[in-house]
Amino acid sequence: MPVPVPVSDTAPPGPTSPDNRSQRGGRRRTIRWTAAVAVLAALGAFAAGPRSAPAAAHRSGDAALAARVAGLLPDGQRAGGSVGVSVAVVDHGKVTRAALGTTDGSTPVTPDTVFETGSAQKVLTASLLGSLLDAGKIKLTDTVGRLWPEYTFADPAVSGITVEQLATHTAGLPSFPPDGAQFPLAMAGYLLGGDGYSVLGDPVRALTRLSGYGPKPGTEYSYSNLGYAVLGETLAKVDGRDYPTALRERVLAPLGMKHTTVRTAPGTPDGAIQPFHTAGTPVVPWTNPKWAAVGTGTWTTSADLAAFLAANTAPNPPSALALTHTPRAAVADYADRDGHIGLGWQLWNAGGTKVGWHNGLTNGSRAFVAHTSDQRAVVVLANSTRTPTEKIGFGLLGISAPEFDEPQTPHPILLAFTVLLSAGAPALALLGMVRPRRTRLSRPLDRLKAVSLPLTAATCWLLALRVGEWGHLPGVVSALGAGLLAATVVESVRRWPALPTARGRRPWLRAVTFALPTLPLAALLCTTAVITAQLP
């Protein structure tokens with residue numbers, strides 16, 4: 001007769017024991033909660049995330065001109081990098097205008113929408129110079145040392161730079177001040193879609209500190225934003241008013257350019273567009289009053305610039321404007337066009353037609369203005385850096401300009417990089433959290449890793465929103481990443497109580513290996529979050 005075997009109180013529970021069922025039920029509840037949070041995060045990110053809409057879907061103004069512009073967009077009728085475009089064509093004083101796309105992904109652009117000018121502002125700055133030259137208040141041969149006697153220059157060659165050299169980019173200056181921490185901060189802001197110019201100080205003071213620069217015998221054309229910023233401040237000083245006031249009174253008001261403004265504080269004027277790197281990736285507009293002559297914080301409409309170009313192409317233009325079109329220095333890059341630089345204007349000979357033009361590029365806007373010797377002109381303004389304004393402008397003038405040919409779509413590597421940052425990094429972080437196996441390349445899961453994994457994923461995901469190619473990728477990719485990121489955070493919180501602070505024999509070494517990558521990631525995350533919060 002078999003003897004019954006007593007069941008030990010410490011025996012492991014069987015497969016159908018209450019404890020086992022409770023554990024499985026707990027895991028199922030955890031999975032359901034994690035999935036619910038992930039889905040909600042994904043839906044929220046999809047609703048508020050990047051969008052791509054065909055710019056040609058919304059049109060206003062002259063229908064024929066709008067159709068011509070739509071045909072010149074690289075995206076055609078498809079969604080892509082272009083967001084909004086405003087165009088004006090001048091033909092012997094007659095102005096025709098059209099607009100395509102949206103200001104912010106939903107609000108249609110109209111012919112009166114206000115855009116950033118970018119460096120197209122330089123021809124307005126040069127026109128201010130022409131006005132002061134015409135009034136006898138300044139000479140092209142005046143030097144910065146003579147015009148700024150209150151400053152001591154570190155290099156006599158720099159103090160000897162003339163007004164003409166500043167206005168024609170032949171002063172031998174760098175584009176930005178090379179010293180100090182301003183330049184790397186400005187570049188970081190630029191790359192992340194922030195206002196990189198906001199960290200730059202007084203350009204004249206920066207000029208006084210330069211050594212080893214300045215014009216030399218045979219100095220060639222070399223584009224310099226620093227030079228034009230100094231020029232703008234110099235013109236304001238000579239006029240006795242600040243740059244915005246001098247420009248308004250001497251150039252804008254006489255031509256009726258009521259919607260062309262210079263901002264002295266961050267933000268956008270009424271009726272302005274939202275700048276975009278590419279569709280779905282908004283960026284912060286640039287603002288810095290000391291650098292306004294370069295094209296920071298400067299806004300306009302296609303109608304205002306059309307009025308400006310009409311005055312430049314008139315049979316008898318104002319003398320202040322005529323002074324800006326005299327060729328003054330050769331531009332080697334455009335030698336096959338007999339390229340020269342006037343005061344601000346690039347001057348070409350395109351198959352027998354003389355052309356004066358300038359373009360502009362900010363973090364999220366592009367601009368192009370051009371006029372010809374046969375009294376035609378064109379303005380193209382766009383709130384996306386993926387819109388080829390030069391190609392559109394020259395195309396509307398019937399001028400071939402292969403110099404400005406651009407790829408139809410971003411390089412596949414950029415698209416793959418966006419997917420990897422936005423969805424791949426959160427997926428890997430979640431995998432590392434739910435499958436915390438130690439390998440040669442991965443430490444076992446502890447609290448330090450439970451922090452670093454979601455932090456890394458959040459940084460990559462947010463960085464993708466700032467620099468990604470969302471004009472050519474569906475928003476569901478970003479939404480998927482948001483869901484995976486939320487699941488990683490939930491799993492980290494769930495595991496936290498049972499984890500040691502640091503695993504391994506040398507906790508101090510583990511702390512060091514945690515801090516080295518985590519601190520820069522945290523700084524990048526905070527910087528990106530601040531830039532995102534600054535968006536209009």
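Predicted model: local features only at pLDDT ≥ 70, side-chain atom pairs only at ≥ 80, totals over all residues.
Residues are numbered from 1 along each chain as its sequence is written, and side-chain values use heavy atoms, with hydrogens and water left out.

Start with strand β14, residues 376-382. Strands (E, at least two residues) and helices (H or I, at least four) are DSSP runs, numbered from the N terminus. Six of the seven residues of β14 are buried, so the strand is largely enclosed by the rest of the structure. Buried means under 20% relative accessible area, with a 1.4 Å probe and protein chains only.

Which strands pair with β14? Pairing requires that DSSP finds at least two bridges between the strands. Strand β2, residues 84-91, is antiparallel to β14 over seven bridges, and Asp91 has Arg376 as its bridge partner there. Strand β13, residues 366-372, also runs antiparallel to β14, joined by six bridges; Phe368 stands opposite Val380. β13 and β14 form a hairpin with three residues between them, and Gln375 in the turn has a positive phi of about 65°.

Now the helices. α15 (residues 447-467) packs against α17 (residues 507-533) at an angle of about 30°, with axes 9 Å apart. Axes are lines fitted to C-alpha atoms, for helices over the stretch in contact, and angles run from 0 to 180 degrees between N-to-C directions. Contact means heavy atoms within 4.5 Å. Residues in this contact include Leu455 and Leu462 of α15, and Phe514 and Leu521 of α17.

Methods:
Buried < 20%, exposed > 50% of the residue type's maximum accessible area, 1.4 Å probe, protein only.
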